[in-house]
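Me: I want to go through some labels used for this model and ask what each one rests on. Please show me the structure.

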Amino acid sequence: MNKVRTQVTVSPQAHEDIRRLGRPAKEAVGDFVRRLRADRTNRALRLSSLRAAGDNGRLALATLQGERMALLLETEENRFTVLALREGTRAHDELARLTVEINEVSGGVELVDQSEVSANVVALPERPEAPVTLVPGSSTSGADGAPPAAEAPPRSLPVPLFARYDDATLIGLGVVASLLPALGRITDDRQLDTLLGHNLPELTKDVLLALHSRMDPAEVYRHITSQWKADDVDPHDWVQAARRPVSQVSTEDSAVLDALGEDFDAWRLFLHPEQQRLATIDFKGSAKVTGGPGTGKTVVALHRVRHLVEQLPPGRNRPVLLTTYNTNLAADLRQRLHQLGGDDLLRRVDIKSVDQLAREVIEQHPGEIIGQPLGDEAAMNLWHTVCTEAGIFDFDADFLDSEFKHVILAQAIGTLPVYRRARRPGRGQFQRAERDRLWGLVEAYRTHLDAPPRQTTYALIADRAARIEERRMARVEEQIRYKAEHGGLDLIHREAGSGMWLKPRYQHIVVDEAQDLSASHWRMLRAMVPKGRNDIFLVGDAHQRIYAHLVVLGRLGIETRGRASRRLTLNYRTTRQILGSARGLVSHEKFDDLDEGTDSLDGYRSVLTGLSPQFWRAPDWQTEMRAVATLIKERHDRYGTPYSAMAISVPNGAATTQMAITLAGDSFRIPAAELGKDGPRSSEGVRIGTMHRFKGLEFQRVFLTSVSEGQVPDQRSEAYRLSNPDRYRQEQQRARSLLFVAATRARDELVVTWNGRASRFLPDDADRAAFSATELLSGDGPPSGSAAA
């Protein structure tokens, strides 16, 4: 007789226990899950019943390897959920005292250790009885009728942080009910941080942080609670609760088992309810997801790809494209998608950067010759040459290159009359004579590129690929119309010789880091997939735009307004302290939503807590570099932070070399790895690179150097303050975005340094709060690791 296979899932809180206790605990749970799946009646599993959980649930304890125990919820025959894990001699008692309940908002299974929470909050002193007002002649007067001596006024008692919210409000927003008694005794931020440091349910953490930040309960409900709210929640139905996605880090039993045997990466198994909806929802056409750094936009994009592939009929083609703006990020997407779905998933997905994709389009087109692409510096030099030859010095090279990319190529302008009428929002006013002169420079620029040996630029490659794909899609659409007019017949004589040519390249396209794609890129992508259900799905954030690609998707045939546009607001990577400082960098700027609307970071938040950013000032660059090396060596030696988990941003390539030499010197002997366009050039060592190279990466500790006035923002942008206010504003905003991106790469610690005068972008009190690099190196300053633990 065949045994019924036992199903085992792991709760999000159990996953956190496993992550906290490390690899031995993970291996112990993995071994237990395998044996439980194989035969739940095996006495060697050492399962013991703890207590009933309502009418259709039972809690049990399991003894694992190495003095470890797990708390299990059994809701159906042969179906278990691992709820929590403890180790040591007190493991049994700690698990037995956990309160397990069903959240009335999410419908998920949640647990709280009330004893542990109570031990880590300071109980309020008992409130004395209200003083009695004494009236002469009353029965409380003294024997002689005189009132007794006046009593001392009562002491003012600290007010609980959440006293203004009643229990019904808190529970209605999603706070786990068993935590309410402890919340009534929390009166300061230190206690709240201690509470949040416990393994509390995520919804509870999120709601408490939002309320503490003075967010109105209605806003909390809109931004947070509504994303978790489930239908038909029965607080006594444990079978339904255990099956809800919010109760599991995975809805696939095999995925949990595989993860326990390898690296238990929660990002590839667990999705926040809103992320899950966005990854699987059916859109009528294109869709857009925006959100600040660390909100899981890339995670949603990867899960979206998997969902789209799962809907495909069997086949060997690759009808889904996953793309981003550079090869380094494309390689990272490939690796992460393989983690998510293995070879079977990769076989159905094309993963390329947009520039690689554009180049392949041209290479596959008969008779096309690409030419050698120029680098950024060479392209600038060519503009200088063109201006010198023409004797026209009214326009600088940066402006000419930007006008060429973001106006002429973006709008596919091919003639002077069209350029004379072209829209140029945010680029100042140009009279007809000025446009005529500029057009002459553009034609001279193209002539130089076409001269032997033929050269080109990546912007021109994207434009050429877009034109090829637009013509190709026009033929596809014409073929579809022709077939419809003739009864849907496949007319072989019309398709002879074209083969796959007249079929759309892709059925679905998913784009990561969408804010850094140019209009030419979008024109190409729009022409690669027919308009229809789930055609283009893009994720991005204008606050992180580090290039000048301002596009309006609606004008490029990509409609994402209304319900097709969604926002993510919960940061999973950066602590509240770092995030608060980073938000200040862009809070006064106005950002677009990758279309004709505006975007903001309203509701953007983190449930993580940690160190506040540190500021260090130095008199010169040499002192600053040595101070940074001292801090890094101390983080490594004292706290065990791997060098490869730390990164230094520098202002330019020359500074990269200088910093690497300083680190490698006899005083420090710290290995370093330069961040190139394809990632770090070594697997070991502190990562060093410009802020542009930090895009898409994350590190445990980040050191932002040379955040000095004149460096951030670059002094050259001051030339536009009066002559071109629009461009000046754009340059300032781009510099803020770049610093914002770099700062939010930090998971645990952010250190900001400068020499000379601090950047205007830093907080007003940064200089007053800064430590002295000179005193650090002389040994007279504060302990360098005072805030690094």
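Me: What makes the contact between Glu360 and Lys352 a salt bridge?
Reply: In this predicted model, the side chains of Glu360 and Lys352 come to 3.6 Å, N to O. The cut-off is 4 Å between a Lys or Arg side-chain nitrogen and an Asp or Glu carboxyl oxygen, so the pair qualifies.

Me: Why is Lys352 called buried?
Reply: Lys352 has a relative accessible area of 11%. Buried means under 20%, so the label applies.

Me: And why is Glu360 called partly exposed?
Reply: Its relative accessibility is 21%. Partly exposed lies between the 20% limit for buried and the 50% limit for exposed, so Glu360 falls in that class.

Me: How do you know that Arg747 and Glu698 form a salt bridge?
Reply: Their side chains meet at 3.4 Å, N to O, and the limit is 4 Å, so the pair counts. The pair links distant parts of the chain, 49 residues apart: Arg747 is in strand β26, Glu698 in the loop between β24 and β25.

Me: Why is Arg747 called partly exposed?
Reply: Arg747 has 29% relative accessibility.

Me: How many salt bridges does a search of the whole structure find?
Reply: The search finds 54.

Methods. Residues are numbered from 1 along each chain as its sequence is written. This is a predicted model: local features need pLDDT of at least 70, side-chain atom pairs count only at pLDDT 80 or more; totals for chains, interfaces and linings use all residues. Side-chain values use heavy atoms; hydrogens and water are left out. Buried means under 20% relative accessible area, exposed over 50%, partly exposed in between (1.4 Å probe, protein chains only). Helices (H or I, at least four residues) and strands (E, at least two) are DSSP runs, numbered from the N terminus.
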